[in-house]
Amino acid sequence: MEKRLKIAIQKSGRLSDSSKALLKECGIQIKNGKNNLMAPAVNFPIDILYLRDDDIPQYVEDGTADLGILGENVVAETDKNIITAKKLGFAKCRLSLAVPKSDDYNSLLFFQNKKIATSYPVILSSFLKKNNIDAEIHKISGSVEIAPNIGLADAVCDIVSSGSTLFSNGLKEVEVILQSEAVVVANTNLDEEQTKIFEQLMFRIDAVKSAKKNKYILLNAPNSAIPSITNILPGIKSPTILPLAEEGWSSLHSVVNEEQFWNIIDELKVAGAEGILVIPIEKMIS
Ligand code: ATP
Ligand code: ZN
């Protein structure tokens with residue numbers, strides 16, 4: 001029988017839509033059985049396991065799942081023997097220490113002998129130990145940010161993205177302990193056949209990721225401007241140049257990094273570029 005890989009993703013929550021979308025962009029079609037724990041992909045040798053994100057590291061360590069998609073924060077907190085194989089660029093957040101807005105905060109010494117509420121006791125205690133701070137850790141599993149208001153703790157250690165949740169609970173972020181994003185994790189004992197499927201999947205993920213980072217750019221320019229525009233365009237190779245029907249004009253095509261794009265757009269116009277089109281790329285194989 002053909003070997004298949006089991007990949008665990010979050011059943012419902014902040015990671016689940018992006019995880020499913022990523023597999024879809026990789027051309028993988030999942031049979032949607034409603035509320036099933038497991039669903040097979042129809043055109044790629046993987047099966048999807050839907051789990052709570054906190055359970056994924058254990059399942060991947062013991063081989064119940066071969067791969068998983070989850071946040072680095074949970075990978076660090078659960079501290080299992082698994083491989084972090086690839087960063088995925090979504091669900092970016094950080095684990096931070098926050099204190100009441102009205103408190104004076106100067107240094108980590110603030111936390112000496114204080115009570116800190118968190119859902120991340122493992123990461124927090126190792127951070128405090130490394131910094132020689134003695135503090136009491138209160139583990140709570142949800143709504144950590146209300147702990148100081150109800151007198152349960154002096155401070156919190158919690159996941160932050162914009163900081164608006166902290167702010168609306170009267171807290172300010174004072175130290176970042178860990179930066180996190182979604183990653184692919186893998187079991188340490190994949191056999192040869194499983195490794196092949198794993199590598200195929202990583203290849204597809206890379207193609208999807210680099211396509212997202214890049215744009216296809218088309219523009220028109222008088223032939224005299226081609227040398228200076230070619231210099232500005234940081235394409236993978238030199239741009240494609242096609243003659244326009246209008247005498248003395250050409251169309252230039254290239255690939256540019258999304259971040260670079262905003263930096264070069266003014267230069268392109270000054271150099272004589274017109275009718276600039278920027279188009280998303282679906283897949284990019286390098
Ligand atoms: P589960 O029911 O699966 O245990 P959960 O409540 O623990 O879900 P979610 O709130 O869905 O988890 O968050 C899942 C992951 O998304 C977090 O572990 C973190 O990596 C990331 N995350 C959490 N909060 C944010 C945020 N505000 N912005 C971006 N990413 C976040
Ligand atoms: Zn969770």
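The shell around ligand 1 takes at least three residues from each of domain 1 (5-88 + 181-190) and domain 2 (93-180), with bounds from an automatic or database domain assignment. This is a predicted model, where local features need pLDDT of at least 70, side-chain atom pairs count only at pLDDT 80 or more, and totals for chains, interfaces and linings use all residues. Residues are numbered from 1 along each chain as its sequence is written, ligands are numbered from 1 in the order written, and side-chain values use heavy atoms, without hydrogens and water.

**Around the ligand**
- Of the 15 residues around ligand 1 (a heavy atom within 4 Å), Q10, R14, R52, D54 and N73 come nearest.
- That shell divides into 5 nonpolar, 5 polar and 5 charged residues, with Gly counted as polar.

**Polar contacts** (N or O pairs within 3.5 Å)
- Oxygen atoms of ligand 1 lie 2.8 Å from a side-chain N or O atom of Q10 and 2.7 Å from one of D54.
- A nitrogen atom of ligand 1 is 2.9 Å from a polar side-chain atom of S161.
- The protein buries 74% of the 640 Å² that ligand 1 exposes when taken alone (Shrake-Rupley method, 1.4 Å probe).

**Domains**
- Besides domain 1 and domain 2, the assignment gives domain 3 (214-280).
- The C-alpha centres of domain 1 and domain 2 are 29 Å apart.
- Across this pair, 6 residues of domain 1 are in contact with 9 residues of domain 2 (heavy atoms within 4.5 Å).

How values were computed:
Polar contact = N/O pair within 3.5 Å; in protein donor to acceptor, adjacent residues only side chain to side chain.
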